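Here is a short briefing on one protein structure. Please look over the sequence and the 3D view before reading on.

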Amino acid sequence: MGTMILALDFGGTKLSAALLARGSTTWQDHRRAFSPPHPDAAQDLHTIIALARALLGHEKPAAIGVSFGGPVDYQTGTVRLSHHVPGWENLPLKTILETEFDAPTHVDNDANVAALGESRFGAGRGFSSMGYLTVSTGVGGGWILNGQPWRGANGMAGEIGHITIDPNGPLCLCGKRGCVERLASGPYLAADAREELLHSPLAAGEGLGGEGPLTAKQLAEAAAQGNAFAWKYLQRSAWALGVGIGNAANLLNPERFVLGGGVTKSGERYWAEIRRVARETALPEVLFEVVPAELGDDAPLWGAVALTGLV
Ligand SMILES: [Zn+2]
């Protein structure tokens, strides 16, 4: 049996492969490719296999762990679908990779895998229970309970992004109203701020507006400079996350919540608001910490390593 663990990450826009020697804590090698503008499953699969072959040379991996950006049947390693890339419907990814590389393969969705990565190698180290949230284009989540991923009856546990925060709130992509994701994710924040500026162009105040589309990052930067308009939207985001986290804490009482994703880089004030609202939402006896993720974009790859069961 080989000594190398192969980790693969099918992200929304990029594909990554990394190789780890068993027992090591740093990648032996790491390669990345961006998906073309109109990707399909066959193309992405071909690209990631080529990345992996380039990493492995003639070596056979001891095992393969895979993070996939979409719902996966963990038991069979079959992808249900991708929300970004056509052609993934019911593709038996585990079987395809086992045939290709002749090595045992484990496949799970990216939020579960990133949660596992943070739990074993990042901000969740040393804690047996943890809720993980990623706040970027969407809001995803995963659970580690008693040191193991909790996937739920059909792999859908941890969808904290679609907890209802405001039943009368704006319509979410999922068809419901006022979800955490609808109130907290980057694209929705920017879209709602743009919409308000369309009707009241002067609302932006100092340091916002100008040319080009407004982004969540610009809002965060303006808020850090004291812009009240920008802070209003970031505060809404932090509030929605805080309510979601506080409710989740009441349900499962984990030791930590670990938060990653671009929107969480919105500064100390944003974090203080999340923590304040989460604390107010949970029962006083329910104790927990809310801390930043440590592994960044590599969380799914490290989680994929842990998924193999060899570390
Ligand atoms: Zn929703």
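The points below cover a metal site, a sheet with its helices, and the nonpolar cores. The model is predicted. In it, a zinc ion is held by four donor atoms in a tetrahedral arrangement, five strands form an open sheet, and the largest nonpolar core has 43 residues.

**Zinc site**

- The zinc ion has as its protein donors ND1 of H162 and the SG atoms of C172, C174 and C179, at 2.0 to 2.3 Å.
- The arrangement counts as tetrahedral because the angles between the four donor atoms run from 104 to 117 degrees. For comparison, the ideal angle for four tetrahedral donors is 109.5 degrees.
- Along the chain, the donors of the zinc ion show the spacing H-x9-C-x1-C-x4-C.
- H162 and C179 both lie in the loop between β10 (148-150) and α4 (180-184), so this pair ties together parts that are 17 residues apart in sequence.
- H162 has 23% relative accessibility and therefore counts as partly exposed, whereas C179, at 0%, counts as buried.

**Sheet and the helices across it**

- The strand order in the open sheet is β3-β2-β1-β4-β7, and the pairing is mixed.
- β3 (29-34) and β7 (105-109) are the edge strands; each has a single partner strand, so one side of each has no neighbour in the sheet.
- From one strand to the next, the twist averages 15 degrees.
- β2 (residues 14-21) pairs with β3 in the antiparallel sense, over six bridges. L19 has D29 in β3 as its bridge partner.
- Helix α1 (residues 41-56) lies across β1 (4-10), β2 and β3, and runs at about 25 degrees to β2.
- Helix α9 (residues 299-307) lies across β1, β2, β3, β4 (63-68) and β7, and runs at about 135 degrees to β1.

**Nonpolar cores**

- In soluble globular proteins, nonpolar side chains tend to be buried together.
- Within the largest core, of 43 residues, those with the most contacts are L219, L241, I245, F257 and F288.
- Elements that each supply at least two residues of this core include β8 (130-135), β9 (139-145), α5 (186-199), α7 (228-252) and α8 (268-281). The largest share comes from α7, with twelve residues.
- Apart from neighbours within four places in sequence, L241 is in contact with L133, V135, V139, V180, A184, Y270 and I274.
- A second core is separate and has 28 residues, among them L6, L45, F68 and V72.

Notes. Residues are numbered from 1 along each chain as its sequence is written. This is a predicted model: local features need pLDDT of at least 70, side-chain atom pairs count only at pLDDT 80 or more; totals for chains, interfaces and linings use all residues. Side-chain values use heavy atoms; hydrogens and water are left out. Donors are N, O and S atoms within 2.8 Å of the metal (3.2 Å for Na, K and Ca); water is not among the atoms, so sites may look incomplete. Four donors count as tetrahedral if all angles lie between 85 and 135 degrees; four count as square planar and six as octahedral if opposite donors are over 155 degrees apart and all others between 65 and 115; anything else is irregular. Helices (H or I, at least four residues) and strands (E, at least two) are DSSP runs, numbered from the N terminus. Buried means under 20% relative accessible area, exposed over 50%, partly exposed in between (1.4 Å probe, protein chains only). Two strands pair if DSSP finds at least two bridges between them. Axes are lines fitted to C-alpha atoms, for helices over the stretch in contact, and angles run from 0 to 180 degrees between N-to-C directions. Contact means heavy atoms within 4.5 Å. A nonpolar core is a set of buried Ala, Val, Leu, Ile, Met, Phe, Trp, Tyr and Cys residues joined through side-chain atoms within 4.5 Å.
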